[in-house]
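Visitor: Hi! Could you walk me through this one while I have it open on my screen?
Guide: Happy to, just ask away.

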Amino acid sequence: MGCPAPKVSNNGSGSALMKRPQLCGEIVAAVKAAVPVPVTAKIRKGWDGNSVNAVEVAKLCETAGADAITVHGRTRDQMYAPPVDWDIIRQVKQAVNIPVIGNGDVVSAQAAAQLLEQTGCDLVMVGREALGNPWIFSQINAYLTDSCRILPPPGLQERMLVMMKHIQKMCDYKGEHRAMNEARKHVGWYLKGMKNAAEFRRQAGYLESWVQLEQLVKEIMEANCESC
Ligand SMILES: Cc1cc2nc3c(=O)[nH]c(=O)nc-3n(C[C@H](O)[C@H](O)[C@H](O)COP(=O)(O)O)c2cc1C
């Protein structure tokens, strides 16, 4: 119940459901009755600044049987732009008894700890930061469970190895043609902060095959080898 994309919300789906709280509850109840697994709902702060209703929607979802609720602390008209309102997550946490998952701008282990502390939420959900940075999860876990331990960021070799493994799995799952098309943006994300990233990102935009990816990774390694 959070997607802001016009092609989704113009159909009444995604974040547009925030405008129809009763329907949110009915959907949760219908799903709950239909599946044997836990049912969670993900909502936004509201549709816009004049209709902030996350607390109301969360309560209706809880009553309808939701097992947990994720709150993205932005309204639909804020799309993905900061700032995210963590206070609305705190308000939802105080209003319901099911686990609350806080979401929005968790870009580091410290941010995850702050979100948990400031809102009292039970879990955090990471969105965009995970793109090209799957290490964020172990970084958060180390920080939270091991006395604020900060894991060093991965070196170039590990980053490239994990990226290749990721894209290899995409090829296995989707076939090389489709996977390499989608891999273009993932390569761009994995390159964040690297030397000549803009140029390699441009080249990644033309990737069509696994062999081309291997060649590109070789060039990236050569250009950045002092940080291997
Ligand atoms: C490209 C993109 C795709 C997304 N797809 C989904 C989705 O399918 N389901 C969902 O619940 N949220 C989706 N989201 C929203 C994120 O889960 C998250 O709520 C949002 O990005 C805010 O968290 P962040 O600030 O950590 O990125 C998507 C976000 C982006 C940028």
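Visitor: Let's start with cysteines. How many disulfides does a search of the whole structure find?
Guide: The search finds 0 disulfides. Keep in mind that this is a predicted model.

Visitor: Is cysteine 121 buried or exposed?
Guide: Cysteine 121 counts as buried, at 5% relative accessibility. Cysteine 3 is partly exposed, with a relative accessible area of 33%.

Visitor: Okay, switching to strands. Which residues of S3 are buried?
Guide: In strand S3, residues 100-103, Val100 and Gly102 are buried on one side, and Ile101 and Asn103 are buried on the other. Both faces of the strand are covered.

Visitor: Which way does S3 pair with S2, parallel or antiparallel?
Guide: S3 and strand S2 (residues 68-75) are parallel, with 4 bridges between them. Across that pairing, valine 71 sits opposite glycine 102.

Visitor: How does the chain get from S2 to S3?
Guide: The chain passes through helix H4, residues 86-95, in a right-handed β-α-β crossover.

Visitor: What joins S3 to S4?
Guide: There are 3 bridges between S3 and strand S4 (residues 123-125), and the two run parallel. Asparagine 103 faces methionine 125 of S4 there. Together with helix H5 (residues 109-119), S3 and S4 form a β-α-β unit that is right-handed.

Visitor: Nice. Now helix H10, how many residues does it have?
Guide: H10 has 15 residues, 210-224. From first C-alpha to last, H10 reaches 21 Å, close to the 21 Å expected at 1.5 Å a residue.

Visitor: Which of its residues are buried in H10?
Guide: Trp210, Leu213, Leu216, Val217, Ile220 and Asn224 are buried. Looking down the axis of H10, the buried residues fall within an arc of 115°, so they line one face of the helix.

Visitor: What covers the buried residues of H10?
Guide: The cover includes helices H7 (156-174), H8 (176-190) and H9 (197-204).

Visitor: And which residues are exposed on the other side of H10?
Guide: Val211 and Glu222 are exposed there.

How values were computed: Residues are numbered from 1 along each chain as its sequence is written. This is a predicted model: local features need pLDDT of at least 70, side-chain atom pairs count only at pLDDT 80 or more; totals for chains, interfaces and linings use all residues. Side-chain values use heavy atoms; hydrogens and water are left out. The expected span of a helix is 1.5 Å times one less than its number of residues. Buried means under 20% relative accessible area, exposed over 50%, partly exposed in between (1.4 Å probe, protein chains only). The arc is that of the directions from the helix axis to the C-beta atoms. Contact means heavy atoms within 4.5 Å. Two strands pair if DSSP finds at least two bridges between them. A crossover is right-handed if, with the strands pointing away from the viewer, the path from the first strand over the helix to the second runs clockwise. A disulfide is a pair of cysteine sulfur atoms within 2.5 Å.
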